[in-house]
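Colleague: I'd like to go through this model with you and hear where the labels come from. Could you take me through them one by one?

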Amino acid sequence: MHWINILARSLVVVFGVGIAFGVSPFDQAPSPFHEVFGSVVVLFGLYRLIHYFQVRRRTINL
């Protein structure tokens, strides 16, 4: 289950990078939308990864 969590959170980061570089379902959207939305998705994915590792470390050390 641990690897599935890491994989899912990493896919969010990869999806955000894809959006930021123009590979997205929002082809009709203006260019700044791609960069901003992609950056937000990447930051959200990184937050989820970091938070997951911190919670896992805390629960293992108990």
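Colleague: Why is L49 called buried?

Modeller: L49 has a relative accessible area of 15%. Buried means under 20%, exposed means over 50%, and partly exposed is in between, with a 1.4 Å probe and protein chains only. So L49 counts as buried. Before we go on: this is a predicted model, where local features need pLDDT of at least 70, side-chain atom pairs count only at pLDDT 80 or more, and totals for chains, interfaces and linings use all residues. Residues are numbered from 1 along each chain as its sequence is written, and side-chain values use heavy atoms, with hydrogens and water left out.

Colleague: What makes G18 partly exposed?

Modeller: G18 comes out at 22% relative accessibility, so it falls in the in-between class. G18 sits in helix α1.

Colleague: Which residues does L49 touch, beyond its neighbours within four places in sequence?

Modeller: L49, which is in helix α2, is in contact with I6, R9, S10 and V13. Contact means heavy atoms within 4.5 Å. Using that cut-off and again skipping residues up to four places away, Y52 touches H2, N5, I6 and R9.

Colleague: What makes up the largest nonpolar core?

Modeller: It has 5 residues: I6, V13, V42, L49 and Y52. α1 and α2 each supply at least two residues of this core, and the largest share, 3 residues, comes from α2. A nonpolar core is a set of buried Ala, Val, Leu, Ile, Met, Phe, Trp, Tyr and Cys residues joined through side-chain atoms within 4.5 Å. In soluble globular proteins, nonpolar side chains tend to be buried together.

Colleague: Why are L7, L11 and V14 called a nonpolar patch?

Modeller: Like charges are joined within 9 Å, and nonpolar side chains (Val, Leu, Ile, Met, Phe, Trp, Tyr) within 5 Å. L7, L11 and V14 form such a patch on the surface, with about 300 Å² of accessible area together. Areas come from the Shrake-Rupley method with a 1.4 Å probe; for residues, only the protein chains shown count as cover.

Colleague: How does the radius of gyration of the chain sit against a compact globule?

Modeller: The rule is 2.2 Å times the number of residues to the power 0.38, and the radius is taken over C-alpha atoms. A compact globule of 62 residues would be near 11 Å, but the protein chain has 14 Å. The C-alpha trace spans about 50 × 20 × 10 Å along its principal axes.

Terms used
Patches are made of residues with over 30% relative accessible area and no salt bridge: like charges are joined within 9 Å, nonpolar side chains (Val, Leu, Ile, Met, Phe, Trp, Tyr) within 5 Å. A salt bridge is a side-chain nitrogen of Lys or Arg within 4 Å of a carboxyl oxygen of Asp or Glu. Helices (H or I, at least four residues) and strands (E, at least two) are DSSP runs, numbered from the N terminus.
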